[in-house]
Amino acid sequence: MIAILDYGSGNLRSAQRAFETSGREVLITSDYETALNAEGLVVPGVGAFAACMNGLIAVRGDQLVRERIALKRQTLGICVGMQILFAHGIEHGNHKGVGIWKNTVEKLDAPILPHMGWNTVSVHPSSKLFTGIENESFYFVHSFAVKDSAGEFSTFSHHGEDFLAAVEDGVISATQFHPEKSGEAGLQLIENWISTL
Amino acid sequence: MTLSVRIIPCLDVTDGRVVKGVNFTNLVDAGDPVEMAALYGREGADELTFLDISASVAGRETTLDVVRRTAEQVFIPLTVGGGIRTVEDVDRLLRAGADKVSINTAAIARPELIAEIADRFGSQVLVISIDARRARTESGFEVTTHGGRESAGLDALTWVEKACELGVGEILLNSMDADGTRAGYDIGMITAVRAVSKVPLIASGGAGALEDFSAALDAGADALLAASVFHFGVHRIGDVKKHLSKNNYSVRNAHTA
């Protein structure tokens with residue numbers, strides 16, 4: 001079973017349907033034990049960094065992610081659900097994140113923001129998430145991002161400057177883009193992630 | 001790595017059916033919105049937009065159902081506009097499966113609505129839809145309401161700047177002069193709005209020839225919305241993308257959708 005963590009964050013319905021195309025059972029839940037015991041946990045997220053982090057803490061999501069890492073269970077952060085895994089976010093003030101990686105989430109230096117639409121990525125050669133979809137485009141919607149590498153395998157994209165599009169680090173992975181909104185390529189990435197469970 | 005330009009088919013929906021008006025009168029039924037959304041997804045649309053033109057509460061309920069069914073089978077971003085007046089309206093649409101909402105008249109009547117929506121859900125969910133036409137205002141462009149029939153008494157560029165200040169994530173600029181004519185996007189208007197805004201700009205109204213699409217991008221649009229040329233098969237999305245690619249614009253491969 002795959003759990004999508006519900007902590008007050010936007011459109012979870014299409015994420016659920018996208019993960020269900022794998023044939024797995026997918027539950028939207030805010031229950032700690034259910035999320036802890038799921039084979040795979042998806043941490044979605046839209047909106048501002050601080051609001052998302054507060055929502056995550058309200059369901060003890062920060063502790064949940066750490067405990068899953070300790071238990072070697074796969075977790076995937078998406079968009080702001082990726083951003084809040086870092087140590088800090090500079091969006092309307094300086095806010096603390098979960099701190100899985102030490103980086104800071106900063107505003108992109110680009111003429112047009114948000115970075116909204118389909119962009120390609122420069123895939124880390126050892127990536128498993130991007131197997132077979134190395135040259136595809138993915139759907140991004142964000143103004144903030146991490147600008148240096150993190151975890152084992154970093155995959156970058158570019159909008160005004162290079163930024164981190166995905167991280168793969170043992171049992172924890174994250175994408176700045178929305179795989180559930182990235183058409184066939186996104187569904188393949190979801191399939192690739194699920195095959196690691 | 002370059003951000004691709006986006007091609008966005010727009011489906012005008014009333015009571016669960018797709019329609020497209022020529023200058024917003026003379027409506028022609030063009031099909032089932034969920035099937036058309038799935039078809040456009042397969043054809044390489046980068047996003048989809050539903051504009052709910054239902055007049056009744058029952059019609060709006062039907063649209064929520066259309067959004068739900070679309071989000072279940074089409075895995076590209078979906079924007080829904082039409083009749084959105086409150087933060088609660090936005091919440092209902094996002095929960096049904098919309099990724100973004102576009103607001104128009106309600107924001108003209110009460111601009112604070114922009115900040116209320118942006119504060120609660122983030123700017124990225126909010127598209128300001130502006131129906132503008134050429135007029136003797138300061139910039140030469142004015143905002144209209146009622147499908148272009150009435151002046152809002154508001155200069156279009158002043159409104160763009162205010163909407164950006166209040167926190168919109170994107171601008172949908174619809175030329176009421178060009179809408180439905182297939183005579184080309186209003187290039188002067190796109191250029192003028194681009195010059196005063198730093199959020200993504202979607203050009204709308206007037207798409208006809210393939211050259212129209214590249215001309216709008218040359219003027220500074222980030223995305224191109226079109227309805228009748230796609231609905232009536234004048235161009236397929238792949239044809240537009242091929243044309244843009246030939247003109248050195250980055251497009252997402254149609255085969256991935």
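Is Lys72(A) buried or exposed? I opened the notebook with this residue and found that Lys72(A) is exposed, with 8 other C-beta atoms within 10 Å. The model I am reading is a predicted one.

**Entry 1. Backbone exceptions in chain A**

I looked up Lys72(A) for its backbone angle as well. Its phi is near 60°, a positive value in a residue other than glycine. I located Lys72(A) in the loop that runs between α4 (61-70) and β4 (74-78) of chain A. For context, I note that most residues other than glycine have a negative phi, and that most peptide bonds are trans.

I then turned to His92(A), where phi is near 50°, again a positive value in a residue other than glycine. His92(A) sits in the loop between β5 and β6 of chain A. I checked its surroundings: His92(A) counts as exposed because it has 10 C-beta neighbours inside 10 Å.

I also looked for peptide bonds in the cis form. The bond from Leu113(A) to Pro114(A) is cis, with omega near 0°. I placed Pro114(A) in the loop between β7 and β8 of chain A.

**Entry 2**

I followed His92(A) into its hairpin. β5(A) and β6(A) form this hairpin with three residues between them, and His92(A) lies in the turn. Strand β5 (residues 86-90) of chain A is joined to β6(A) by three bridges, and the two run antiparallel. In this pairing I found Gly89(A) opposite His95(A) of β6(A).

What is the sense of the pairing between β5(A) and β7(A)? I recorded it as parallel, over three bridges. Here Gly89(A) stands opposite Val105(A) in β7(A).

I next traced the sheet as a whole. It is an open sheet of four strands in the order β6-β5-β7-β10 (chain A), with mixed pairing. I identified β6 (94-96) and β10 (144-145) of chain A as the edge strands, each pairing on one side only.

I looked for a helix against this sheet and found α3 (residues 49-58) of chain A. This helix lies across β5, β6, β7 (101-107) and β10 of chain A, and it runs at about 20° to β6(A).

**Entry 2. Strand β12 of chain B**

I moved to chain B and asked which way the side chains of β12 (residues 223-226) point. Ala223(B) and Leu225(B) point one way, Leu224(B) and Ala226(B) the other way, and all are buried.

I listed the pairing of β12(B) with two strands. Strand β1 (residues 6-14) of chain B runs parallel to β12(B) and is joined to it by four bridges; Ile8(B) stands opposite Leu225(B). Strand β11 (residues 201-204) of chain B also pairs with β12(B) in the parallel sense, over three bridges. In that pairing, Ile202(B) has Ala223(B) as its bridge partner.

Helix α6 (residues 156-166) and helix α7 (residues 187-196) of chain B pack at an angle of about 35°, with their axes 9 Å apart. I noted that the crossing of α6(B) with α7(B) is right-handed. Leu157(B), Val160(B) and Glu161(B) in α6(B) meet Ala192(B), Val193(B) and Val196(B) in α7(B). By class, this contact has five nonpolar, no polar and one charged residues.

**Entry 3. Where the chains meet**

In it, 35 residues of chain A touch 28 residues of chain B. On the side of chain A, the elements that give two or more residues are α1 (13-20), β8 (115-120), β9 (137-142), β11 (153-159) and α6 (183-194). I found that β8(A) contributes the largest share of this side, six residues. I recorded the classes on the side of chain A as 14 nonpolar, 15 polar and six charged residues.

How values were computed:
Residues are numbered from 1 along each chain as its sequence is written. Chains are lettered from A and ligands numbered from 1 in the order in which they are written. This is a predicted model: local features need pLDDT of at least 70, side-chain atom pairs count only at pLDDT 80 or more; totals for chains, interfaces and linings use all residues. Two residues are in contact if their C-beta atoms, placed from the backbone, lie within 7 Å. Ala, Val, Leu, Ile, Met, Phe, Trp, Tyr, Cys and Pro count as nonpolar, Asp, Glu, Lys and Arg as charged, and the others, Gly among them, as polar. Two strands pair if DSSP finds at least two bridges between them. Axes are lines fitted to C-alpha atoms, for helices over the stretch in contact, and angles run from 0 to 180 degrees between N-to-C directions. A crossing is left-handed if the near helix is turned anticlockwise from the far one by less than a right angle, and right-handed if clockwise. A residue is buried if 20 or more other C-beta atoms lie within 10 Å of its own, exposed if 12 or fewer, and partly exposed in between; C-beta atoms are placed from the backbone.
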